[in-house]
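Hi everyone, thanks for making the time. Let me put the sequence and the model up on the screen, and then we'll walk through it together.

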Amino acid sequence: MTLKIYLASRSPRRHSLLKQLNVDFTQVDGEIDESVHSGENAQAYVARLALEKAKKGWSNSDRDRPVLGADTIVVVDGNILGKPVDFSDSRRMLKSMSNRSHQVMTAVAIYSSEQLLQTIVLSDVEFCELDDKQIETYWQTGEPQDKAGSYAIQGIGGQFVKKINGSYSAIVGLPLYETNQLLDKVYS
Ligand SMILES: Cc1cn([C@H]2C[C@H](O)[C@@H](COP(=O)(O)OP(=O)(O)OP(=O)(O)O)O2)c(=O)[nH]c1=O
């Protein structure tokens with residue numbers, strides 16, 4: 001029997017990734033305040049956000065199926081990079097990632113009144129050198145605007161990526177292998 005869940009996400013990437021798994025899902029609102037708490041490190045932050053999204057989704061649902069929430073961040077030198085607020089924010093992020101590696105962290109939480117399942121997937125991504133012109137041209141494509149770290153590996157931003165060590169689907173927003181493992185554990 002196909003498992004039925006709610007997906008607390010408006011991300012089109014998460015929707016299309018989840019469609020690759022054998023699960024029947026319905027979207028539910030899981031919007032939360034994404035501010036970082038003082039003293040909170042990157043892993044604790046991304047895990048908390050995934051769980052808060054799942055819990056928010058649960059409170060907005062009919063509470064008859066588990067809710068999946070996820071969050072993705074980019075981390076450079078311990079600094080958390082979320083989505084850019086404007087072009088100068090995007091430029092600052094991309095310059096800090098130029099010609100070096102950064103880490104992408106994606107956390108997933110599946111929540112119901114009976115169960116809590118969680119995972120966090122870390123991936124290293126090495127970027128080529130980026131100059132100001134490239135960064136500006138990239139911003140004008142509109143792609144960086146709603147992406148953590150201001151790029152999309154699955155889009156035009158893929159041309160900046162020299163190497164990855166980790167999970168491609170996690171970088172895009174939902175780790176397929178690990179999410180499937182969690183779904184196998186639901187109610188088992
Ligand atoms: C690094 C990277 C991030 N991203 C995306 C994944 C996430 O959708 C987004 C990070 O923002 P998130 O806050 O994780 O998610 P979201 O606001 O898009 O969706 P929701 O909270 O409703 O689930 O960045 C890519 O699409 N490609 C990439 O290469």
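Gly-142 is exposed, because 9 other C-beta atoms lie within 10 Å of its own. On that scale, a residue is buried with 20 or more other C-beta atoms within 10 Å, exposed with 12 or fewer, and partly exposed in between, and the C-beta atoms are placed from the backbone. You'll find Gly-142 in the loop between helix H4 (132-140) and strand S7 (161-165). Helices and strands here are DSSP runs, H or I of at least four residues for helices and E of at least two for strands, numbered from the N terminus. Between Gly-142 and Asp-64 there are 38 Å, C-alpha to C-alpha, and the two are 78 residues apart in sequence.

Two words on the ground rules. This is a predicted model, where local features need pLDDT of at least 70, side-chain atom pairs count only at pLDDT 80 or more, and totals for chains, interfaces and linings use all residues. Residues are numbered from 1 along each chain as its sequence is written.

Staying with H4, Glu-136 is found in that helix. Glu-136 has 13 other C-beta atoms within 10 Å, so it counts as partly exposed.

Now the chain as a whole. The protein chain has six helices and seven strands, and from the N terminus they run β-α-β-α-β-β-α-β-β-α-β-α-α. The radius of gyration is 17 Å, close to the 16 Å from the globule rule for 188 residues, so the chain is as compact as a globular protein of that length. For the record, that radius is taken over C-alpha atoms, and the rule is 2.2 Å times the number of residues to the power 0.38. The C-alpha trace spans about 50 × 35 × 25 Å along its principal axes. Of the 188 residues, 39% are buried. Among contacts with a separation of 6 or more, 69% join residues 24 or more positions apart; a contact means C-beta atoms, placed from the backbone, within 7 Å.

Which residues of helix H3 (residues 87-97) are buried? They are Ser-90, Met-93, Leu-94 and Met-97. These four cover an arc of only 90 degrees around the axis, which puts them on the same side of H3; the arc is that of the directions from the helix axis to the C-beta atoms. An α-helix has 3.6 residues a turn, so residues three or four places apart point the same way. The buried residues of H3 pack against S3, strand S4 (79-81), strand S5 (101-111), strand S6 (116-127) and H4. After H3 comes Asn-99, with a positive phi near 60 degrees.

On to Asp-71, in strand S3 (residues 67-76). An unreviewed UniProt entry places the feature "active site" at Asp-71; UniProt positions are in the numbering used here, feature names are shortened, and annotations may be inferred rather than shown by experiment. Is Asp-71 buried or exposed? It counts as buried, because it has 28 C-beta neighbours inside 10 Å. Beyond its neighbours within four places in sequence, Asp-71 is in contact with Val-46, Leu-49, Ala-50, Lys-53 and Ala-107.

Last, the ligand. It is surrounded by 23 residues, the closest being Ser-9, Ser-11, Ala-148, Ile-153 and Gly-173, where the cut-off is a C-beta atom, placed from the backbone, within 6 Å. S3 gives the largest share of that shell, four residues.

Terms used. Two residues are in contact if their C-beta atoms, placed from the backbone, lie within 7 Å.
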